[in-house]
Amino acid sequence: MSILSNANPGEKPIIYMSEVYAPTLKEDPADAEIASHRLLLRSGMIRKMASGVYTFLPLGMRVLSKVENIVREEMNKVGAQEIMMPALQPEELWHESGRWDDYGPELMRLIDRHDHGFCLGPTHEELITALVRNELKSYKQLPCTLYQIQVKFRDEIRPRFGLLRSREFIMKDAYSFNADQESLQQSYDDMSRAYGTICERCGLDYRPVEADSGQIGGKVTTEFMALADAGEAELVHCACGYAANTEAGACIAHPTVYEAQGLEKIATPGVHTIEELAAFLDIPESSTVKTLVGQDGEGNLVAFFIPGDHELNEIKVEREAPGFLFLTDEEMEAHGLHKGSMGPVGLPEGIRIIADASLRAVSPWVVGANEDGFHYVGAQPGRDFTVDAWADLCIVAVGDDCPECGAPLAGARGIEVSQVFQLGTKYSEAMGACFMAEDGTEKPFIMGCYGVGVTRTLAAIVEQHNDEHGIMWPMSVAPAHVCIIPLTVDDDEVQPVAEKLAREIAAIGFEVVVDDRKERPGVKFADADLIGWPLQVVVGKRGLENGTVEAKLRRRDVKKDISIDLLTELLASVRRAAKEGRNLRIDGIGMFDMLFD
């Protein structure tokens, strides 16, 4: 494993900024809301072409290539084989899987001149299944894992946050074909470990979390989340190692009891929300019970009851009542229901009652009285109403119990950078992809699917590694490792020394950039911090009089005058340590610390 792999093998060992297309910006772009979007634009790494569509400029391409190479190396280590499939996918394959209509408006669809339907691929389960169903015929050829790194497309309703939610993005997608569940589990575990290593090599503080499979399918899935305030996903995690997306994690809530002597109907004029009810009764929201009513896919009315301080989880609801949709205000009125005053006592007949499992141990309840302006206290399950089913219904919240150890859960936000899925036979059965098993019978492939958002990973790195001056790249993905900054470029003293130093450092094995632009020193210093070169070496006349240069460690924002000969000796020691893997993180963070300690 090399921390210092080149972005593009075979390129020039020294980069000259006067030759690089890297137009930096002094001001923040008006539409850039988060650090990664703002800094990638300002540092001349990307440019916006349309909403959610970006061009990578040379420095951005160097980082992107390094992230791709890390992903590629880890995939190859687990035996995955690289291929390339078309981005343009035939409509009929998506009809075979049943996803043409199910995927929704995010699927970019088009018709060619022959009236044939196609889509621009957001993912490739259909294509990969169609590819192998006529090629992999025997259990002797299994397991087989294929992957690609390719541009994907999703017609996002609201592209935002730069590379985090875009309409065109780069993803590594891999697919395993297995003969049985045990083999699939092995592929899934291998990929999960590889994904953890990818995050570590990219310098990410991450958590593998329980997740929902969404449109991909399958019942077992894990997301790898880079912790970041700008993340769109809400997470809960525990010191024991448990972590989950709040929409997918098991919710063990703590509703509290409001003691009442029997069932009592209370006038609550103008009270229609949980917040208003709790304030009216001077009780915590956790002592109330929230009611939500709708219809399942067959038209049956269903009422869900959850602790008042929690939110209903629509993913979990779908498991209990497939096709569930909330009633509109007009539909509630037609069924004799009163919005803001609903409860289990006296509900119209025919409504199925499903309650959150946490309420099972809590009695009595504070609920609506199914009459506008009235609520019940002291409502007792089994005495005053019947619960038809108990289930986990809530979005897990900070402070709920950890399902693994029982400790209170902490919260965080995260950026999903990768995800692994156990698909089972969802696609192979639908698309007739079978193999001959060892016992001579024909069986559908058991499949796994594994995705890494390459461009999202790049953005997540910037979200975690930046300050008020710019980006602070980990060594493993930095566009170059060392930036030589000659303060003057048109004299016979400074520039020759800078050139010689650049050649010596490049010969040691580091990627070197020389800022030979005819710009003021302040401009060069600002751009060096903005772009995020890990080590900056300033060559000036005053220092050369003493035989020294100024070295700056970007990550720690510390500077030190070092003799030129000692600098190259120390960098040679750093390079040897990197080759031997001594006392170094695999993302290279801390590599240059010995120069300043």
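**Reading the terms of this model**

Q: Why is Asp-282 counted as exposed?
A: Asp-282 has a relative accessibility of 69%. Exposed means over 50% relative accessible area, buried under 20%, and partly exposed in between (1.4 Å probe, protein chains only), so Asp-282 counts as exposed.

The model is a predicted one, in which local features need pLDDT of at least 70 and side-chain atom pairs count only at pLDDT 80 or more, while totals for chains, interfaces and linings use all residues. Residues are numbered from 1 along each chain as its sequence is written, and side-chain values use heavy atoms, with hydrogens and water left out.

Q: Why is Asp-115 called exposed?
A: Asp-115 has a relative accessible area of 66%, and is therefore exposed. Asp-115 also has a positive phi, about 65 degrees, although it is not a glycine, and is found in the loop between strands E6 (108-111) and E7 (117-120).

Q: How do you know that Cys-405 is in no disulfide?
A: A disulfide is a pair of cysteine sulfur atoms within 2.5 Å, and by this rule the count is 0. For Cys-405 the nearest cysteine sulfur, that of Cys-238, is 3.4 Å away, so Cys-405 is in no disulfide. Cys-405 is partly exposed, with 45% relative accessibility.

Q: What makes Cys-449 count as buried?
A: The relative accessibility of Cys-449 is 4%, and it therefore counts as buried.

Q: Why are helices H2 and H11 called roughly perpendicular?
A: Helix H2 (residues 58-77) packs against helix H11 (residues 454-464) at an angle of about 110 degrees, with the axes 10 Å apart. Axes are lines fitted to C-alpha atoms, for helices over the stretch in contact, and angles run from 0 to 180 degrees between N-to-C directions. Angles of 65 to 115 degrees count as roughly perpendicular, so H2 and H11 are described in this way.

Q: How do Leu-142 and Pro-143 come to be described as joined by a cis peptide bond?
A: The omega of this bond is about 0 degrees. Pro-143 sits in the loop between helix H5 (125-132) and strand E8 (144-153).

Conventions:
Helix = DSSP H or I, 4+ residues; strand = E, 2+ residues; numbered from the N terminus. Parallel < 35°, antiparallel > 145°, perpendicular 65-115°, else oblique.
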